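Please open the model in your viewer and keep the selection tool at hand. The tour goes from stop to stop, saying what to select and what is there.

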Amino acid sequence: MPDPLRAQQGPSRVELKARRTYFWCSCGRSKRQPFCDGSHAGTELTPARFTPGEDGEAVLCGCKRTGTRPFCDGTHNRLAVTDASASIPQHEAGEAGCLHLSAPKS
Ligand code: FES
């Protein structure tokens, strides 16, 4: 399986709606980050489908190396910065409004 591209250095904070199905980009090629736009076609990578159980803000992975797809797990903090001008959003697990450790409901 090919390594995904790093779409950005850190996560994206997004507002999600309960019971709506989302597709998180796992390949890093989408122009609609952090969501899929079909750009994974021709790769072995596929988007992660998830449906939040409640309305609210979520912190979705942008580095595409998280172990808790689609949510950021802080892995980006251990990756080398690939662009010195890039800012890296910092946050902690359990931060107010952060759903990144919530298990996605399907
Ligand atoms: S942005 Fe990928 S783990 Fe945080």
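Select Arg-19, which sits in the loop between strand S1 (12-16) and S2. Strands here are DSSP runs of E with at least two residues, helices are runs of H or I with at least four residues, and both are numbered from the N terminus. Arg-19 is not a glycine, yet its phi is positive, about 65°. Is Arg-19 buried or exposed? Arg-19 counts as exposed because it has 10 C-beta neighbours inside 10 Å. The cut-offs are these: a residue is buried if 20 or more other C-beta atoms lie within 10 Å of its own, exposed if 12 or fewer, and partly exposed in between, with C-beta atoms placed from the backbone.

Before moving on, note what kind of model this is. It is a predicted model, in which local features need pLDDT of at least 70 and side-chain atom pairs count only at pLDDT 80 or more, while totals for chains, interfaces and linings use all residues. Residues are numbered from 1 along each chain as its sequence is written.

Next, select Lys-64, in the segment after S4. Lys-64 is another residue other than glycine with a positive phi, near 70°. Lys-64 is buried, because 24 other C-beta atoms lie within 10 Å.

**The whole chain**

Now show the protein chain as a cartoon. It has 0 helices and 4 strands, and from the N terminus on the elements run β-β-β-β. Of the 106 residues in the chain, 28% are buried. Two residues are in contact if their C-beta atoms, placed from the backbone, lie within 7 Å. Among contacts between residues at least 6 apart in sequence, 56% join residues at least 24 apart.

**The core**

Select Trp-24, Val-59, Leu-60, Cys-61, Phe-71 and Cys-72. In the largest nonpolar core, which has 14 residues, these six touch the most other members. Strand S2 (22-24) and strand S4 (56-60) each supply at least two residues of this core, and S4 gives the most, with 3 residues. A nonpolar core is a set of buried Ala, Val, Leu, Ile, Met, Phe, Trp, Tyr and Cys residues joined through C-beta atoms within 7 Å.

Keep Leu-60 selected. Which residues does Leu-60 touch, not counting residues up to four places away in sequence? They are Pro-11, Ser-12, Val-14, Trp-24, Pro-34, Pro-70, Phe-71 and Cys-72.

**Two cis peptide bonds**

Two of the prolines that Leu-60 touches are Pro-34 and Pro-70. Select Pro-34 first, in the loop between S2 and S3. The peptide bond from Gln-33 to Pro-34 is cis, with omega near 5°. Then select Pro-70, in the segment after S4. Arg-69 and Pro-70 are also joined by a cis peptide bond, with omega about 0°.

**The loop between S2 and S3**

Go back to this loop and select Cys-25, which is placed there. Cys-25 counts as buried because it has 28 C-beta neighbours inside 10 Å. Leaving aside neighbours within four places in sequence, Cys-25 is in contact with Ala-7, Ser-30, Gln-33, Pro-34, Phe-35, Cys-36 and Pro-47. From Cys-25 to His-40, 15 residues apart in sequence, the C-alpha to C-alpha distance is 8.1 Å.

Select Thr-43, also in the loop between S2 and S3. Thr-43 is partly exposed, because it has 15 C-beta neighbours inside 10 Å. Not counting residues up to four places away in sequence, Thr-43 touches Pro-2 and Cys-27. Thr-43 and Pro-2 are 41 residues apart in sequence, with their C-alpha atoms 7.6 Å apart in space.

Thr-46 lies in the loop between S2 and strand S3 (48-50). Thr-46 is exposed, because 12 other C-beta atoms lie within 10 Å.

**Confidence**

Finally, color the chain by pLDDT, the predictor's confidence in each residue, from 0 to 100. The mean pLDDT is 84, and 77% of residues reach 70 or more. Select residues 92-106, where pLDDT stays under 50 and the model has 28 contacts beyond four places in sequence. Where pLDDT is low, the predicted coordinates should not be read in detail.
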